[in-house]
Amino acid sequence: MSGVATSPDGIALAFEAHGAGTPTLVFVHGWSCDRSYWRGQLRPLAVRYQVVAVDLAGHGASGGGRRAWTMAGFGEDVVAVVEQLGLGAVVLIGHSMGGDVIVEAALRLGDRVVGLVWVDTYSTLGEPDTDDEIEAFLALFREDFADATRALVGRLFTPDADPELVEWVAADMSAAPPEIAVDALGHAVGNEPGILAALGELTTPVVAINPDAWPTDPQALGRHGVKMVRMPGVGHFLMMEDPDQFNRLLGEVIEEFSGQASP
């Protein structure tokens, strides 16, 4: 089923829902992506759960027109879809920037959230980039958005990744509207202080599924209450690179959440 919700600031939000069962799995894509990046999860996991995938405002089939593309605003988008569907218990699953977004949604949804799953969102916590580092990074995208995005995507895959997938992602993400993408990127890469504050407030369990392609600091994540699960043989787009392995790991995490939530 495809549907449309409306954000608090009046933007049409496209989503799709499949299957039945609790908790409902709500999938949130990353920066300059859309819900199609979860195509390897929706049908397989809908056999057991209700699954929902959202296009955040300014992405995919959703509308635009927002003045600032903040993590809080995107979090409100997720809440709007959850409310539109009248969902009860949910697991929020966010890839990359989507991990920041689901934290914002969880702050608003409260006890309805059974657990949060970060999909290669943070490899460490506690050492945010400086303003100068963030500005130097963003300058590349302001200068030549398409080239900078393609270069970024190239660094996010392992050398032995499927070249067709790499090219598809590079072409798709580099075609995003720069006026939305650059502003959203600035809010995303500067969001770690907000994440640290939110993790101190949330009581919901948080699990990070991270690739083994680059270093991850499980102790740093653990200090802020985030449990890490390592996924071998993949890069940043792990749910697309090896859907079967990812779905198995995600299923184990959800079972653990459900066990913790049971009386």
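Author: Helices (H or I, at least four residues) and strands (E, at least two) here are DSSP runs, numbered from the N terminus. This is a predicted model, where local features need pLDDT of at least 70, side-chain atom pairs count only at pLDDT 80 or more, and totals for chains, interfaces and linings use all residues. Residues are numbered from 1 along each chain as its sequence is written, and side-chain values use heavy atoms, with hydrogens and water left out.

Reader: Okay, where is Pro23?
Author: The peptide bond from Thr22 to Pro23 is cis, with omega near -5 degrees. Most peptide bonds are trans. As for its place, Pro23 sits in the loop between strand S2 (12–18) and strand S3 (24–28).

Reader: And which loop holds Ser32?
Author: Ser32 isn't a glycine, yet its phi is positive, near 60 degrees. Most residues other than glycine have a negative phi. You'll find Ser32 in the loop between S3 and H1.

Reader: How do H4 and H5 lie to each other?
Author: The axes of helix H4 (residues 131–143) and helix H5 (residues 145–155) come within 5 Å and cross at roughly 125 degrees. Axes are lines fitted to C-alpha atoms, for helices over the stretch in contact, and angles run from 0 to 180 degrees between N-to-C directions. Under 35 degrees counts as roughly parallel, over 145 as roughly antiparallel, 65 to 115 as roughly perpendicular and the rest as oblique. So H4 and H5 are oblique.

Reader: Which residues in H5 does H4 meet?
Author: Contact means heavy atoms within 4.5 Å. From H4, Phe137, Leu140, Phe141 and Glu143 take part. Their partners in H5 are Phe145, Ala148, Thr149, Leu152 and Arg155.

Reader: How far apart are the closest N and O atoms of Arg48 and Glu255?
Author: The structure holds 12 salt bridges (a side-chain nitrogen of Lys or Arg within 4 Å of a carboxyl oxygen of Asp or Glu). One of them links distant parts of the chain, 207 residues apart: Arg48 is in the loop between helix H1 (39–45) and strand S4 (51–54), while Glu255 is in helix H11 (residues 243–261). In this Arg48–Glu255 salt bridge, the closest N and O atoms are separated by 2.7 Å.
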